[in-house]
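Here is a short tour of a protein model, written to be read with the structure open beside it. Take a moment to look the model over before reading on.

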Amino acid sequence: MYGIDVESGVLAQRTWRWLQLRILALLSTESRLQRHFAPPPEDNPRTARRR
C-alpha cells in the first residue's frame, strides 16, 4: 500500500519520522500489520456459545 521497499536503500535517505508515520498509518488501517498486532477480540457473554 505504501510502497516501502526496505531493500532498495530508500530508508537510508529517509528520516525515522518518515518511517514511523507510515508504520502508524498501517497500524491504524485495515492491513496485515494491524491484524497481526491487534488485541484478540473480547468474548461477548451475550453472543458466546454455551457448552
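The report below covers the fold, the confidence, the surface and a salt bridge.

## Basis of the model

This is a predicted model, in which local features need pLDDT of at least 70, side-chain atom pairs count only at pLDDT 80 or more, and totals for chains, interfaces and linings use all residues. Residues are numbered from 1 along each chain as its sequence is written, and side-chain values use heavy atoms, with hydrogens and water left out.

## Fold and confidence

The protein chain has three helices and zero strands, giving the pattern α-α-α along the sequence. Helices (H or I, at least four residues) and strands (E, at least two) are DSSP runs, numbered from the N terminus.

The average pLDDT of the protein chain is 78, and 76% of the residues score at least 70; pLDDT is the predictor's confidence in each residue, from 0 to 100. Confidence is lowest in helix 1 (residues 10-13), with a mean of 82, and highest in helix 2, at 87.

## Surface and nonpolar patch

Of the 51 residues, 8% count as buried (under 20% relative accessible area; exposed is over 50%, partly exposed in between, with a 1.4 Å probe and protein chains only).

Leu21, Ile23, Leu24, Leu27 and Phe37 make a nonpolar surface patch of about 440 Å². Patches are made of residues with over 30% relative accessible area and no salt bridge: like charges are joined within 9 Å, nonpolar side chains (Val, Leu, Ile, Met, Phe, Trp, Tyr) within 5 Å. Helix 2 (residues 16-28) gives the largest share of the patch, four residues. Phe37 sits in helix 3 (residues 32-37) and is exposed, at 57% relative accessible area.

## Salt bridge

The count comes to one salt bridge, defined as a side-chain nitrogen of Lys or Arg within 4 Å of a carboxyl oxygen of Asp or Glu. Glu30 pairs with Arg35 in a salt bridge, their closest N and O atoms being 2.4 Å apart. Glu30 counts as exposed at 57% relative accessibility, while Arg35 counts as partly exposed at 46%.

Terms used
Accessible areas come from the Shrake-Rupley method with a 1.4 Å probe; for residues, only the protein chains shown count as cover.
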